[in-house]
Amino acid sequence: MDNLLKQKKIVRVDREKTRKAVFKKLRRHSEEMEAAELAARNNLSYLDLNIFPLETEVVATLPEEKSRSAELAVIYKKGKELKVGILDPTNSKTKKVLKELEKDQGYQCHLFVVSKSGLERAWEFYKSLILTEEFQKEKIELTEKQLTEFEKGIKTIIDLKQRITELPTTEVISTIIAGGLKVKASDIHLEAEENQIRLRYRIDGVLQNVAFLPKKIHKFIVSRIKITSSLKINVNSIPQNGHFEIEMGTREISIRVSTLPGQFGESIVLRLLDRSAVPLDLKSLGLVGRSFDIIKKEILKPNGMILNTGPTGSGKTTTLASFLIKVSKPGIKIITIEDPIEYYLEGISQTQVKRDKGLNFAAVLKNVLRQDPDIIMVGEIRDSETLSTAINAALTGHLVFSTLHTNSAAGAIPRMIDLGMKPSLIGPATNIIIAQRLVRKLCPYCREKYGIAPETMENIKKVLAIISPKAKIKIPQTIKNLYRAKGCPKCNNLGYKGRIGIFEILEVDAEIEKLVE
């Protein structure tokens with residue numbers, strides 16, 4: 001009997017829920033119909049905000065209090081053009097706020113009549129803004145003192161693994177970044193997996209597993225990093241890119257952020273750039289012999305183009321920054337176009353690309369040419385418009401430095417042709433093309449000496465014999481021993497410490513010009 005009563009009670013509850021849901025749906029339907037009719041009577045457009053895509057930053061164009069009191073909401077924004085959802089076109093408060101937007105702030109407003117429930121949905125986005133403000137209070141901060149204290153307790157990656165897994169959630173991100181700086185990682189990878197977050201550091205070009213973090217803190221980590229790097233926290237279905245800075249006394253760390261949606265949530269990559277740790281003089285790059293002589297000669301020319309090629313992370317930007325420092329002097333005006341600005345160079349005008357405002361490399365380059373520069377550095381050439389403008393600049397009295405994504409120096413020429421450039425212009429405009437890679441160096445503290453077999457010695461001699469005397473490289477006459485990686489605390493037991501550049505130089509002389517044409 002009791003079970004029967006319980007079942008009847010459940011049925012009554014379910015019926016009541018269904019009745020309320022149907023009533024709510026009918027009421028909303030009626031509400032939308034009324035809004036559509038009101039729009040028609042006033043010769044305005046109607047919009048259903050229950051299905052219209054909204055963004056927190058757009059709604060926040062107006063303060064919440066003003067938006068609610070005037071019974072309207074900004075629902076779309078592009079430059080000075082706004083789309084505004086209004087409840088009642090005759091409302092005096094609505095008219096007053098619209099007048100302020102148009103007359104005082106210079107916006108062009110397009111009006112749409114919306115329902116009360118649609119307007120309330122728009123106002124819900126102010127809650128996300130409050131969340132953003134709360135996260136802003138928790139921005140990622142590191143001081144020199146904190147990093148020094150951190151380094152005392154962290155000697156190796158093993159110590160770091162233990163430290164990270166024991167930390168409270170609020171300290172995880174700061175510790176992950178501090179750990180990356182400690183082990184001189186170039187990138188930090190936070191990869192969302194089904195039941196955990198994989199943390200990896202790229203050290204000297206190779207990814208190393210560091211720790212696995214609980215999946216429950218994934219949302220916190222993603223939100224905090226997005227807020228710090230000025231990304232949209234409510235957008236998780238498309239990739240986003242941003243960056244932020246950390247100042248630690250005399251050190252300035254630039255961190256580039258990339259998010260990517262995945263099957264189990266967003267993965268994040270942080271690229272660390274410690275400007276104080278990167279040498280920016282030519283000799284420290286790894287340039288030697290004839291290659292060094294060619295570079296010194298070519299960067300002092302008054303015009304032409306110097307291209308640096310190679311994959312992402314091969315040190316192209318660092319090399320170009322070294323060139324700029326070498327040629328910089330009071331009598332020369334240098335302007336760079338970068339995305340983002342990786343090194344702050346004294347005496348050089350540096351410009352940041354802003355794609356969201358239509359300022360891509362090509363657009364900025366055209367404006368830079370009106371600034372009467374002697375030398376221009378274009379961070380990257382990816383499209384025909386940027387390439388065409390850069391080559392024309394090189395042909396009209398400017399020295400242009402830039403990068404191109406190809407696998408070899410010679411591969412840059414067909415790549416430029418593929419981008420639509422006439423072969424007859426490539427030769428006259430281009431001075432040299434460089435290809436570079438970064439290779440790991442053995443740790444000097446623990447490298448292990450070993451004897452080599454005669455067969456290996458013969459192979460080494462064959463390779464060394466290929467090197468021309470014109471290269472101006474000192475070749476050892478005898479090699480008794482080689483060295484191999486071992487591993488110690490100073491290199492985090494990896495056996496390698498630091499990297500050095502290896503370069504290929506293609507001089508575009510008369511012979512190469514003839515081949516290109």
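This is a predicted model: local features need pLDDT of at least 70, side-chain atom pairs count only at pLDDT 80 or more; totals for chains, interfaces and linings use all residues.
User: In what order do the seven strands of the open sheet with mixed pairing, S19 among them, stand?
Analyst: Seven strands make up this open sheet, and their pairing is mixed. Strand S13 (349-352) and strand S19 (496-507) each have a single partner strand, so one side of each lacks a neighbour in the sheet. Neighbouring strands are turned by 20° against each other on average, direction ignored. The order is S13-S12-S14-S15-S11-S16-S19.

User: Which residue of S15 is the bridge partner of Ile 306?
Analyst: Strand S11 (residues 304-309) and strand S15 (residues 399-404) run parallel and are joined by six bridges. The bridge partner of Ile 306 in S15 is Phe 401.

User: What angle does the direction of helix H13 make with that of S15?
Analyst: Helix H13 (residues 316-327) packs on the seven-strand sheet. H13 touches S11, strand S12 (334-338), strand S14 (375-378), S15, S16 and S19. The angle between the directions of H13 and S15 is about 170°.

User: And what angle does helix H12 make with S19?
Analyst: Helix H12 (residues 289-298) also packs on this sheet. Its contacts are S11, S15, strand S16 (430-442) and S19. The angle with the direction of S19 is about 65°.

User: Which residues of S14 point the other way from Ile 375 and Met 377?
Analyst: In a regular strand, side chains alternate between the two faces of the sheet. In S14, Ile 375 and Met 377 point one way, and all four residues concerned are buried. The two pointing the other way are Ile 376 and Val 378.

User: Which residue stands opposite Ile 376 of S14?
Analyst: S12 and S14 run parallel, joined by four bridges. Opposite Ile 376 in S14 stands Ile 335.

User: What is the handedness of the β-α-β unit made by S14, H15 and S15?
Analyst: S14 and S15 pair in the parallel sense over four bridges. One of the paired positions is Met 377, whose bridge partner in S15 is Phe 401. With H15 between the strands in the name of the unit, S14, H15 and S15 form a β-α-β unit that is right-handed.

User: Is Ser 237 buried or exposed?
Analyst: Ser 237 sits in the loop between helix H10 (218-228) and strand S8 (240-248). Its relative accessibility is 60%. The cut-off for exposed is over 50%. Therefore Ser 237 counts as exposed.

User: What is the distance between the closest N and O atoms of Arg 200 and Glu 191?
Analyst: Glu 191 is buried, with a relative accessible area of 18%. Glu 191 also forms a salt bridge with Arg 198, with closest N and O atoms 3.7 Å apart. Arg 200 is partly exposed, at 22%. In the salt bridge of Arg 200 with Glu 191, the closest N and O atoms lie at 2.9 Å.

User: How many residues apart in sequence are the parts tied together by Arg 484 and Glu 448?
Analyst: The side chains of Arg 484 and Glu 448 meet in a salt bridge of 3.1 Å, N to O. Arg 484 lies in strand S18 (residues 481-484) and Glu 448 in strand S17 (residues 448-451), so the tied parts have a sequence separation of 36 residues.

How values were computed:
Residues are numbered from 1 along each chain as its sequence is written. Side-chain values use heavy atoms; hydrogens and water are left out. Two strands pair if DSSP finds at least two bridges between them. Axes are lines fitted to C-alpha atoms, for helices over the stretch in contact, and angles run from 0 to 180 degrees between N-to-C directions. Contact means heavy atoms within 4.5 Å. Buried means under 20% relative accessible area, exposed over 50%, partly exposed in between (1.4 Å probe, protein chains only). A crossover is right-handed if, with the strands pointing away from the viewer, the path from the first strand over the helix to the second runs clockwise. A salt bridge is a side-chain nitrogen of Lys or Arg within 4 Å of a carboxyl oxygen of Asp or Glu.
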